[in-house]
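Hello,

Here is the structure I promised to pass on to you.

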Amino acid sequence: MNTVKDGVHDHIALDPLADALVDTPAFQRLRHIKQLSTVRLVYPSANHTRFEHSLGVYHLARQALDSLGVTGERARHVRAAALLHDIGHGPYGHQTEDVIMRHAGEHHDEIHDLLSGTEAAAVLREFDCSPDRVADLVAGDDELGQLVSGELDVDRMDYLVRDAHHTGVPYGTIDTGRLVRQLRVRDGELVLAEGNVQTAESMLLARSLMNGIVYRHHVSRIAGTMLERGAERIVDGGVPIETFRRFADHDLLFALREHAPDLGRRIEERDLFKRAVWVGQETVPAGVTEFPRESIREAERDIADRANVPDDDVLLDVPSLPSMREANARVVVGGVVQRLETASDLVGALRAGERARWRLGVYTPDECVDDVATAARDVLGIAGE
């Protein structure tokens, strides 16, 4: 059995199927997709990839399956799903996901078509695994699919500790060993055993802290919005979506030079737009927080027109309102399975913190900030400071 030396989990042992899957083009492509995309413009050491993350998810899934006593072909399918769970990601991961969804109609977890007909699918069949069943598990189907994609999934466990390690912040540290050992299957659901409310809270707290300090840092938000706009121009410029979604990060940067040269240069040189508006939910009219893509583009044009700047120099970033999927995790309390939000007083406080940190952004080149700020507040109906 081959082993891989990992910076987070030490040695990761690969079973024969995993060893064969790692050598397929679909998996090797993940070496060239950075895990934290534009966050590395803030944290320079965050250059880890979805390749090593996927190995970590496989490792934790294997530990969890051993603890649960799941063996044989069922365990083999779950381990394969854990390893392959990220092959559906496009370049720069989540930063281009909305573009791919709009044009291809598929989320990154929907890998049935991507897996079908590939060398990875052939390897799975060679080891008596069904590619369709593996893809179903990646999408979170059945209780063991929840181990790969769910409120208590090993994907979340790995990226929190890995992202904290590589950014150098202490906030994502969680006890993955205890988490995987305390998982149970009850009535078709993956739950944490009795006495683990605090264990579940630790993951929720880690995710909340990483959201505010790492994942939603304003510089990453600005760069991500610029990158998404550039990705739209690439696809609108004639690059087929099926080609685009198989790009690696460097392919996207290369394509930006042709289809959105100013944005591409700015991203490569970290010459980013600045914040003209950066306001919380309490100051934003309710309708604005629910803007569809078309309304966002219309507002950008109106702002640019009022500020007398080119349309391309205004970007409106309206993130989704905060949600906390981990609050739906199931824990056993007094012999009864409960949602974490019911069992924990901490959930309400963390939800309030997430709402308080939500920000709408309007971004523009440095020299346009004042004019765009005034115009944006008028167009969006945001009261002045």
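Let me start with helix α12 (residues 197-215), where Leu205 is found; helices here are DSSP runs of H or I with at least four residues, strands are runs of E with at least two, and both are numbered from the N terminus. Before going further, please keep in mind that this is a predicted model, in which local features need pLDDT of at least 70 and side-chain atom pairs count only at pLDDT 80 or more, while totals for chains, interfaces and linings use all residues. Residues are numbered from 1 along each chain as its sequence is written, and side-chain values use heavy atoms, with hydrogens and water left out.

**Surface patch**

Leu205 counts as partly exposed because its relative accessibility is 35% (buried means under 20% relative accessible area, exposed over 50%, and partly exposed in between, with a 1.4 Å probe and protein chains only). Together with Tyr171 and Leu209, Leu205 forms a nonpolar patch on the surface, and the three have about 220 Å² of accessible area together. Patches are made of residues with over 30% relative accessible area and no salt bridge, like charges being joined within 9 Å and nonpolar side chains (Val, Leu, Ile, Met, Phe, Trp, Tyr) within 5 Å. The areas come from the Shrake-Rupley method with a 1.4 Å probe, and for residues only the protein chains shown count as cover.

**Pocket and cavity**

The second largest pocket has a volume of about 170 Å³. The elements giving two or more residues to its lining are α13 (218-236) and α18 (293-307), and α13 provides the largest share, four residues. Among the lining residues are Arg229, Glu232, Arg297, Glu300, Val314 and Leu315. By class, the lining of this pocket has nine charged residues, two nonpolar and no polar (Ala, Val, Leu, Ile, Met, Phe, Trp, Tyr, Cys and Pro count as nonpolar, Asp, Glu, Lys and Arg as charged, and the others, Gly among them, as polar).

The structure also holds one cavity of 30 Å³ or more. The volume of the largest cavity is about 50 Å³, and its lining includes His89, Glu97, His107, His108 and Arg245. Here the lining divides into six polar residues, three charged and one nonpolar.

For the cut-offs: on a 1 Å grid over the protein atoms alone, a cavity is a set of points where a 1.4 Å probe fits but cannot get out, a pocket is an open set with protein on both sides within 12 Å along at least five of seven lines, and lining residues have an atom within 4 Å of a point. Grid points are joined across faces, edges and corners, and a volume is the space filled by probe spheres set on the points.

**Salt bridges**

How many salt bridges does a search of the whole structure find? The search finds 32, each being a side-chain nitrogen of Lys or Arg within 4 Å of a carboxyl oxygen of Asp or Glu.

One of them joins Asp317 and Arg221 (2.6 Å, N to O). This pair links distant parts of the chain, with Asp317 in strand β6 (residues 315-317) and Arg221 in helix α13, 96 residues apart. Asp317 is buried at a relative accessible area of 11%, and Arg221 is buried at 14%.

Glu232 counts as buried at 5% relative accessibility, and Arg229 is buried with 10%.

In helix α20 (residues 346-357), Arg357 and Glu354 are also three residues apart, so about one helical turn separates them. Their closest N and O atoms are 2.5 Å apart. Glu354 is buried at 3% relative accessibility, whereas Arg357 is partly exposed at 38%. Elsewhere, salt bridges that share partners join Arg102, Glu228, Arg229, Glu232, Arg293, Arg297 and Glu300 into one network.

**Backbone**

Most residues other than glycine have a negative phi. Ser37 has a positive phi near 35° and lies in the loop between α2 (25-28) and α3 (50-68). Tyr92 has a positive phi of about 60° and is found in the loop between α4 (72-84) and α5 (97-104). Ser37 is buried at 9% relative accessible area, and Tyr92 is buried at 4% relative accessibility.

Best wishes
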